[in-house]
Amino acid sequence: MLTIALPKGRIAEDTLKIFKEIFNREFEFEDRKLVLESGEFKFLLVRNQDVPTYVYHQAADLGVVGLDVLEDKGLDLVRLLDLKGGYCRVAIGMRNEDELDYNKPDIVVATKMTNIAEKFFASKAISPKIIKLYGSMELAPVIGLADMIVDIVETGTTMKQNGLKVVDTIMESTTHLIANRSSFIEKKSEILDLYSRFEDVINRGGRV
Amino acid sequence: MVLEHEIPEGSKVYFGEIAKRKRKIESIASELFYQHNFEEMVTPIFSYHQIDSIPHEKLIHLTDKDNYPMNLRADSTVDVSKLMLKRVGRTNDNSRWFYIQPVYRYPSIEQYQIGAESIGGGELKEMLQLNIEIFEAMEFQPILQISNVAIPRKIAEELNLSIDIFKNIEIKKILALQIDWLQELLYLEDVKDIDRVFDMSPQFIRDELEKIKELVESLNYKEVKIAPLYYTKMDYYNNLIFKFLRNNRVFARGGNYSVDGNSSVGFSIYTDEILNQES
């Protein structure tokens with residue numbers, strides 16, 4: 001039995017569509033249920049940011065999650081396969097009228113992805129003040145809480161609508177299939193079998 | 001604010017029944033160590049040599065009276081080996097030592113360990129058998145993983161690859177090389193398939209594969225998984241290694257290693273993990 005953690009929403013739906021394509025049967029959560037058991041698979045519906053945690057602690061053997069979340073969590077997991085979907089960037093946003101200056105002595109950054117931000121600025125030998133926020137990130141530079149934000153950008157529309165521009169890109173992200181390290185030893189043949197079936201679908205243009 | 005009853009995260013308190021079980025596990029192990037002619041060594045809690053085996057960020061750093069850096073013991077193997085080779089060895093020719101003591105890692109992690117080292121030689125097979133004997137005496141049978149870190153090292157060297165491909169289990173990159181024998185090694189987990197893969201494999205890893213086969217066939221253990229491409233992050237292991245695991249817990253780890261150019265063999269049992277598994 002393989003247990004797979006899926007983030008609620010589109011990624012879970014797309015992943016289950018691929019399972020349906022591979023195994024030629026329905027995989028569907030009943031209304032409001034968080035666990036789906038079907039044959040040799042058990043699926044868990046969890047919050048996006050919690051997927052790596054479930055897999056790291058082996059509450060799930062496998063998980064599907066964005067590379068941005070994986071990088072920010074920084075947990076020791078096996079990155080099995082790039083599922084090529086959910087493309088976005090982790091980018092730095094500033095007010096339209098401000099200029100990016102990494103030489104400024106006191107940089108204040110607002111973000112929910114504090115680890116990605118810390119690593120990025122550390123690589124530039126900059127030690128900014130990082131303020132953790134949980135949402136409405138675009139507000140921070142506008143009201144003077146921070147000089148810049150580090151946030152997910154898909155089309156850039158939200159930033160634009162709030163008077164912000166993208167000034168630098170930290171990383172690009174797509175959805176990944178991940179595995180727990182112990183599961184990879186204990187259930188290697190099942191995991192590699194699923195890996196190759198997923199890879200076939202992705203190579204034929206399937207996306208999650 | 002620190003509450004009156006608070007203890008730091010990662011530190012351990014055992015009392016009553018669970019402390020009794022801990023003592024029993026340690027007693028079973030020490031009895032068997034003595035039966036196999038091991039002697040006990042207790043090493044200092046303060047150490048100058050931890051950085052040789054444990055990453056900087058996992059160590060608890062202190063300084064000595066001359067302001068020279070030292071650490072709290074985060075791993076017993078390096079100090080047991082160095083003490084044996086540089087000090088104890090002058091007056092005691094025993095090379096088989098065991099220890100039962102905790103290690104400490106940043107920021108406040110305590111781990112109780114039971115370990116054995118055969119310094120300057122020894123057979124991995126015998127050490128693994130002893131580890132199994134201890135677990136059998138405890139009626140405990142986790143999955144046994146057998147690997148040989150010389151295999152990924154040699155492959156990385158011969159094919160001019162980064163060892164990180166194996167360290168991080170980057171399957172896509174391994175498969176993208178489109179090398180039949182490498183693909184077979186990735187999938188290999190049952191020793192009965194090793195002969196088939198052996199015949200396909202290049203000369204430079206055949207001896208190392210043979211070592212895995214010989215070791216597994218010498219054991220009478222129910223659940224064995226071989227993982228020839230597995231690469232451990234412990235820097236001192238250099239050849240055959242083993243690991244006991246189940247349900248995301250690693251209960252023991254051992255292997256061939258080299259300290260100051262001396263080949264040795266040893267293992268550590270993680271007592272806390274066994275107690276947590278039982279409770």
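**Close-up views of a predicted two-chain model**

**Figure 1. The interface of chain A and chain B.** About 1,800 Å² of area is buried between chain A and chain B, and carbon and sulfur atoms give 53% of this area. A:Ile185, A:Glu186 and A:Lys188 together supply 34% of what chain A buries against chain B, more than any other three residues. The structure shown in this and the following views is a predicted model. Chain A brings 20 residues to the contact, and chain B brings 23 residues.

Figure 2. Between chain A and chain B, 10 residue pairs are in polar contact, with both residues at pLDDT 80 or more. The elements of chain A that give two or more residues to the side touching chain B are β5 (78-82), α7 (181-186) and α8 (188-203). Of these, α8(A) provides the largest share, six residues. Sorted by class, the side of chain A that touches chain B holds eight nonpolar, six polar and six charged residues. One salt bridge is found across the interface of chain A and chain B. Its partners are B:Lys172 and A:Glu199, whose closest N and O atoms are 3.3 Å apart.

**Figure 3. The eight-stranded sheet of chain B.** In chain B, eight strands make up an open sheet with mixed pairing, in the order β1-β5-β6-β11-β10-β9-β7-β8. Strands β1 (39-40) and β8 (224-226) of chain B stand at the edges with a single partner strand each, so one side of each lacks a neighbour in the sheet. Within the sheet, strand β7 (residues 143-148) and strand β9 (residues 237-246) of chain B pair in the antiparallel sense over six bridges. B:Gln145 has B:Lys243, in β9(B), as its bridge partner.

Two helices of chain B are included in this view. Helix α1 (residues 16-35) of chain B packs on the sheet and touches β1, β5 (96-105), β6 (109-118) and β11 (262-270) of chain B. The direction of this helix makes about 15° with that of β6(B). Helix α9 (residues 203-218) of chain B also packs on the sheet, where it touches β7, β8 and β9 of chain B. The direction of α9 makes about 155° with that of β7(B).

**Figure 4. The three-stranded sheet of chain B.** Three strands of chain B form an open sheet in the order β2-β4-β3, with antiparallel pairing. Strands β2 (46-47) and β3 (61-63) of chain B are the edge strands, each pairing on one side only. Strand β2(B) is joined by two bridges to strand β4 (residues 69-72) of chain B, and the two run antiparallel. The bridge partner of B:Ser47 in β4(B) is B:Asn71.

**Figure 5. A salt bridge within a helix of chain A.** A:Asp14 and A:Arg10 form a salt bridge, and their closest N and O atoms are 2.7 Å apart. Both residues belong to helix α1 (residues 10-23) of chain A, where A:Asp14 and A:Arg10 are four residues apart, about one turn of the helix. Over all chains, a search of the whole structure finds 30 salt bridges.

**Figure 6. Backbone details in two loops.** B:Tyr106 and B:Pro107 are joined by a cis peptide bond, with omega about -5°. B:Pro107 lies in the loop between β5 and β6 of chain B. In chain A, A:Ser136 has a phi near 45°, a positive value in a residue other than glycine. The loop between β8 (129-132) and α5 (139-142) of chain A contains A:Ser136.

Terms used
Residues numbered from 1 in each chain as written. Chains lettered and ligands numbered in written order. Predicted model: local features only at pLDDT ≥ 70, side-chain atom pairs only at ≥ 80, totals over all residues. Heavy atoms only, no water. Contact = heavy atoms within 4.5 Å. Buried area = accessible area lost by both parts, 1.4 Å probe. Salt bridge = Lys/Arg side-chain N within 4 Å of Asp/Glu carboxyl O. Polar contact = N/O pair within 3.5 Å; in protein donor to acceptor, adjacent residues only side chain to side chain. Nonpolar A, V, L, I, M, F, W, Y, C, P; charged D, E, K, R; others polar. Pairing = 2+ DSSP bridges. Axes fitted to C-alpha atoms, helices over the stretch in contact; angles between N-to-C directions.
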